[in-house]
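Here is my note on the model you asked about. Keep the structure open beside it and take the points one by one.

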Amino acid sequence: DIVLFNSFFNRIIDRFEMSKSDKVMFERLFPEASYYVEIDTDKVTQVIDNIISNAIKYSPDGGNIRFGFTAREDMLKVMISDDGMGIPKENVGRIFERFYRVDRARARSMGGTGLGLAIAREMIEAHGGKIWAESEEGHGTTVFFTLPLNLDDFDEAGEWE
Ligand code: ATP
Ligand code: MG
């Protein structure tokens, strides 16, 4: 389906905002422009659900969760950033591996299988995008992913319609 990413992303965030704890604040850093992407909406919803669930799950003391996106050449770049426990530098590169979890003891108490981000990577790559993370232990994590923009909706005036 071709979807307006702005409202697609808003609807997913709204669903989490309704059930989140008061310790967590959501911040939407959305651009004015409208961006269209051609995606399997169920699959990309599953990707974003996992990233937001992780941001909440690994922020036990709360903090802000920031949502943003921007265009970078012919790609849409999405970011979801938290102020949670973060990931040690040497492990950041591994979180997209199947069953990989940073700390087994911590992971056991938190639930989950360690498959969420591996599935996310598979789905984003199937759409022609990339997914990666940046993190600072004790400070927070930012997950980024890209999706090809639907450039058919770029009008002659150079505006996104
Ligand atoms: P599942 O998603 O299958 O329920 P999970 O959340 O443990 O389980 P992934 O979503 O694949 O698995 O994440 C893999 C690991 O990466 C997590 O176990 C956690 O250690 C680390 N991780 C992921 N997101 C964050 C985050 N926002 N902050 C800190 N650590 C994270
Ligand atoms: Mg997860």
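1. First, a word on naming: helices (H or I, at least four residues) and strands (E, at least two) are DSSP runs, numbered from the N terminus. With that in hand, find His 127, which sits in the loop between helix 5 and strand 6 (131–136).

2. Some ground rules come next. This is a predicted model, where local features need pLDDT of at least 70 and side-chain atom pairs count only at pLDDT 80 or more, while totals for chains, interfaces and linings use all residues. Residues are numbered from 1 along each chain as its sequence is written, chains are lettered from A and ligands numbered from 1 in the order in which they are written, and side-chain values use heavy atoms, with hydrogens and water left out.

3. Is His 127 buried or exposed? Buried means under 20% relative accessible area, exposed over 50%, and partly exposed in between (1.4 Å probe, protein chains only). His 127 has a relative accessible area of 18%, so this residue is buried.

4. Step back by one residue to Ala 126, which belongs to helix 5 (residues 116–126). Ala 126 has a relative accessible area of 67% and is therefore exposed. Now look for Asp 40: although Ala 126 and Asp 40 are 86 residues apart along the chain, their C-alpha atoms are separated by 10.0 Å.

5. Which residues coordinate the magnesium ion (ligand 2)? They are Asn 50, through ND2, and Asn 54, through OD1, at 2.2 to 2.6 Å. Donors here are N, O and S atoms within 2.8 Å of the metal (3.2 Å for Na, K and Ca), and water is not among the atoms, so sites may look incomplete. Asn 50 and Asn 54 are four residues apart in helix 2 (residues 41–57), so about one helical turn separates them. Asn 54 counts as buried because its relative accessibility is 16%.

6. A residue is near a molecule or strand if one of its heavy atoms lies within 4 Å of it. There are 20 residues around ligand 1, and Asn 54, Asp 82, Arg 101, Thr 113 and Leu 117 come nearest. Where does ligand 1 sit? Ligand 1 is in the largest pocket. On a 1 Å grid over the protein atoms alone, a cavity is a set of points where a 1.4 Å probe fits but cannot get out, and a pocket is an open set with protein on both sides within 12 Å along at least five of seven lines; lining residues have an atom within 4 Å of a point. A molecule sits in one of these if more than half of its atoms lie within 2 Å of its grid points. Helix 2 and helix 5 are the elements that give two or more residues to the shell around ligand 1, and the largest share, four residues, comes from helix 2.

7. Most residues other than glycine have a negative phi. Glu 73, however, has a positive phi of about 55° and is not a glycine; find it in the loop between strand 4 (63–72) and strand 5 (75–82). Glu 73 counts as exposed because its relative accessibility is 77%. Phe 99, also not a glycine, has a positive phi of about 65°.
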